[in-house]
Amino acid sequence: MKLSLCTISFRHHLVSLEELAVWAADNGFHGIELWGAHARNMAAVSDRGGDWLAAFGLSAPMLSDYLPLDGDTDALVRKTLDLCRLAQRWGARKIRTFAGSAGSAETSPERTIFIAERLRTLCGLAADHGLSLLVETHPGTLADSLTSTRALIAAVGHPALKINFDVLHVWEGGDDPVAARRALRPHIGHYHLKNIRDRSDLPVFEPGNVYAAAGRRDGMVPLFDGAVDYRRFLAELADDPTAEGSLEWFGDDCYAVLRHDREAVEATLAPATVTRRFGGTARC
């Protein structure tokens with residue numbers, strides 16, 4: 001599995017992308033998933049992009065953003081085109097967003113059609129730039145369960161639409177991640193990997209808490225220490241040598257936890273032989 005770290009993990013840190021790139025390369029990561037805000041804020045730095053990142057032996061598999069599906073159409077198109085151009089600059093093949101701002105049970109059929117039509121339009125823009133548009137499995141969206149995610153894929157009906165399979169949020173929605181992964185596998189473009197101590201701790205991942213510098217981090221735990229069984233999930237994932245994922249850590253001690261989790265993922269997938277960034281084959 002090609003594994004990346006997310007720059008969003010360092011949203012409250014005073015650290016440069018170059019420092020992250022050096023650290024990621026030294027600690028066995030394949031790439032860096034760029035938060036859209038970070039990519040936009042570096043747009044004026046002319047010597048930063050995919051070629052620069054490749055010099056560290058890394059890639060940027062995905063730019064993760066929040067496209068305003070509810071807003072003005074022209075503004076939505078402009079922001080999507082800007083994100084597509086940034087993705088091309090970084091050599092990313094994927095851009096990520098969310099399917100609305102309300103859960104499937106709270107969304108009317110008319111509203112569902114509206115969101116699907118907008119996503120179809122964005123898929124066309126992404127495809128024109130050689131990209132896939134990934135919708136994340138997430139509570140409070142139209143991809144909040146396996147059933148709703150499959151319905152959304154059918155409603156959008158565009159080959160550029162893929163799924164960012166967030167394992168924790170699939171579990172949060174009440175589905176077995178292994179069974180959901182099997183059902184969605186042809187549509188999965190990326191995986192987000194994170195864990196929680198207990199289901200009662202899930203509110204720590206609500207946006208208002210996650211993005212707050214003083215937000216609560218208690219309950220966020222390393223990948224193999226939580227309620228979601230990642231050994232079982234990764235054993236299932238080991239049959240796909242093309243899989244790409246990111247460790248999405250929002251807690252404290254970023255460097256220590258990310259290093260520990262990457263090594264744990266590598267040890268869990270050790271029986272699977274996959275292609276590494278330096279060519280040839282190795283265990284990951």
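**Exercise 1. How many cavities of 30 Å³ or more does a search of the whole structure find, and what lines the largest cavity?**

Keep in mind that this is a predicted model.

- Step 1: Run the search over the whole structure, and 3 cavities of 30 Å³ or more turn up.
- Step 2: Take the largest cavity, which holds about 70 Å³ of space.
- Step 3: Look at its lining, made of 13 residues, with T137, S145, L146, T149 and V170 nearest the centre. The elements giving two or more residues to this lining are α6 (146-156), α7 (167-172) and α8 (177-184).
- Step 4: Sort the lining by class, which gives 6 nonpolar, 5 polar and 2 charged residues.

**Exercise 2. Work out how α8 and α10 are arranged, and which residues make the contact.**

- Step 1: Find the axes. Those of α8 and helix α10 (residues 230-237) come within 9 Å, crossing at roughly 25°.
- Step 2: Name the arrangement. Angles under 35 degrees count as roughly parallel, so α8 is roughly parallel to α10.
- Step 3: List who touches whom. P177, V178, R181 and R182 of α8 meet R232, F233, E236 and L237 of α10. By class, that contact has 4 nonpolar residues, 4 charged ones and no polar ones.

**Exercise 3. Do the analysis again for α5 and α6.**

- Step 1: Helix α5 (residues 109-128) packs on α6 at an angle of about 65°, and the axes are 9 Å apart.
- Step 2: The crossing of α5 and α6 is right-handed.
- Step 3: On the α5 side the contact uses A116, L119, R120 and C123, and on the α6 side L152, A155 and V156.

**Exercise 4. Describe the largest pocket and the second largest pocket.**

- Step 1: Start with the largest pocket, with a volume of about 490 Å³. It is lined by 30 residues, and Y66, F98, H138, P207 and Y211 are the closest to its centre.
- Step 2: Check the elements. β2 (31-35), β4 (94-97) and α9 (207-210) each give two or more residues to this lining, with the largest share, 3 residues, coming from β2.
- Step 3: Count by class, and the lining of the largest pocket has 15 nonpolar, 9 polar and 6 charged residues.
- Step 4: Move on to the second largest pocket, with about 160 Å³ of space. Its lining includes T7, F10, R11, L34 and M42, while α1 (17-26) and α2 (36-41) give two or more residues to it. The lining of the second largest pocket divides into 6 nonpolar, 4 polar and 1 charged.

Definitions and conventions
Residues are numbered from 1 along each chain as its sequence is written. This is a predicted model: local features need pLDDT of at least 70, side-chain atom pairs count only at pLDDT 80 or more; totals for chains, interfaces and linings use all residues. Side-chain values use heavy atoms; hydrogens and water are left out. On a 1 Å grid over the protein atoms alone, a cavity is a set of points where a 1.4 Å probe fits but cannot get out, and a pocket is an open set with protein on both sides within 12 Å along at least five of seven lines; lining residues have an atom within 4 Å of a point. Grid points are joined across faces, edges and corners, and a volume is the space filled by probe spheres set on the points. Helices (H or I, at least four residues) and strands (E, at least two) are DSSP runs, numbered from the N terminus. Ala, Val, Leu, Ile, Met, Phe, Trp, Tyr, Cys and Pro count as nonpolar, Asp, Glu, Lys and Arg as charged, and the others, Gly among them, as polar. Axes are lines fitted to C-alpha atoms, for helices over the stretch in contact, and angles run from 0 to 180 degrees between N-to-C directions. Angles under 35 degrees count as roughly parallel, over 145 as roughly antiparallel, 65 to 115 as roughly perpendicular and the rest as oblique. Contact means heavy atoms within 4.5 Å. A crossing is left-handed if the near helix is turned anticlockwise from the far one by less than a right angle, and right-handed if clockwise.
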